[in-house]
Structure formats: C-alpha cells, structure tokens
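Thanks for coming, everyone. Let me put the structure up and walk you through a few places in it.

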Amino acid sequence: MQFYRPRKPIPAIPIVSLIDILVILLIFFIVTMQPKQKRTILDIEMPVVGEVPTKQVMDVRTVLAIDKDGLITLDSVQVHEKMLVDYLKTIKEENRKLELEMDKQVRLEQMIMISEALTQAGFEANLPTRVRDSKQTTDS
C-alpha cells in the first residue's frame, strides 16, 4: 500500500523585497555621499626680505645662493649639487659663517635638497636668509 506523502516545499527567499531594499539603500548612499573635491594648489609668494644695513653686519659671511634656474653658487663660484655637501663641510671646518640667499621662484625640491645638504654638513637650521624676487633683479 502506498501512502500519500506531501512533498517538502523548497524554501524560497523573497527576492522582490530584497531588490526594493537594495534600491532604497542605493538611493540613500547616492544622496548622502559627498564627492571628493580636488585640493586646490595655493599660489604662495615668499616675502621679500629687505637688505640688512652694512653697519649692523659685524663679520663677513659666505653666501650660498640659489637662482630660479637651480644654479647654486658659493661666494660667486658655481657648485654642482653632488659636491655641495663637501664644500659646506669645508666651510664648517674653517668656522666660517654662512648666509643663504635664494630667488623667490626656487623650486621646493631645490630648497629641500639645500636643507638636507646643510644638515649633513652640520649647519644649524636657522641660517640668515635673503629671498629676492627675480623680477626686481632683472628690471634694475
């Protein structure tokens, strides 16, 4: 004798309601999202430092100068970037004072390279510095 066995129903997940919930979540995230804004690059001009009166200068300093093209000079002698640390170490050994003079349009990479060279040579971070505007020097 065969008995009637009801078949087990296959469990079903109601997908329609899940799609509705996902659409609502998607709309919520799109509405509340704040798009990432580009960072603006600041156009910074360094201030021009006035000349120091010669009466107040007590001792002669060696001038490390950098122009807008990246040319480095030590007391009007052109120095290559790779030899700069050696020159600075020699100046430090002779106990000569150093003054930094740079153009207003010097690249940041150049300034960092000079700062690292000064640190490797043993100079303090707070050197007397003059910043010149290349427009003023070319006009006069």
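Which elements do the buried residues of α2 pack against? They pack against β1 (61-66), β2 (72-74), β3 (77-79), β4 (97-103) and α3 (108-121).

Some ground rules. This is a predicted model, where local features need pLDDT of at least 70, side-chain atom pairs count only at pLDDT 80 or more, and totals for chains, interfaces and linings use all residues. Residues are numbered from 1 along each chain as its sequence is written, and side-chain values use heavy atoms, with hydrogens and water left out.

Now the terms. Helices (H or I, at least four residues) and strands (E, at least two) are DSSP runs, numbered from the N terminus. Buried means under 20% relative accessible area, exposed over 50%, and partly exposed in between (1.4 Å probe, protein chains only). Contact means heavy atoms within 4.5 Å.

Back to helix α2, residues 84-93. Its buried residues are Leu84, Val85, Leu88 and Ile91. Look down the axis of α2: these buried residues fall within an arc of 120°, so they line one face of the helix. That arc is taken from the directions from the helix axis to the C-beta atoms. Just after α2, Asn95 takes a positive phi of about 55°.

Next, the strands. β1 and β4 pair in the parallel sense over six bridges. Two strands pair if DSSP finds at least two bridges between them. Ile66 stands opposite Met102 in β4. β4 is mostly covered, with six of its seven residues buried.

Stop at Leu64, in strand β1. Is Leu64 buried or exposed? Leu64 counts as buried, at 0% relative accessibility. Beyond four places away in sequence, Leu64 touches several residues, among them Ile72, Leu84, Leu88, Ile114 and Leu118. Leu100 is another residue that Leu64 touches. Leu64 and Leu100 are 36 residues apart in sequence, and 4.9 Å apart in space, C-alpha to C-alpha.

Last, the rings. Rings of Phe, Tyr and Trp (its six-membered ring) pair if their centres lie within 6.5 Å; planes under 30 degrees apart count as stacked, over 60 as edge-to-face and the rest as tilted. By this rule the count is one aromatic pair. Phe28 and Phe29 form that pair, edge-to-face, with 5.5 Å centre to centre and 65° between the planes. Phe28 counts as partly exposed, at 48% relative accessibility. Phe29 counts as exposed, at 51%.
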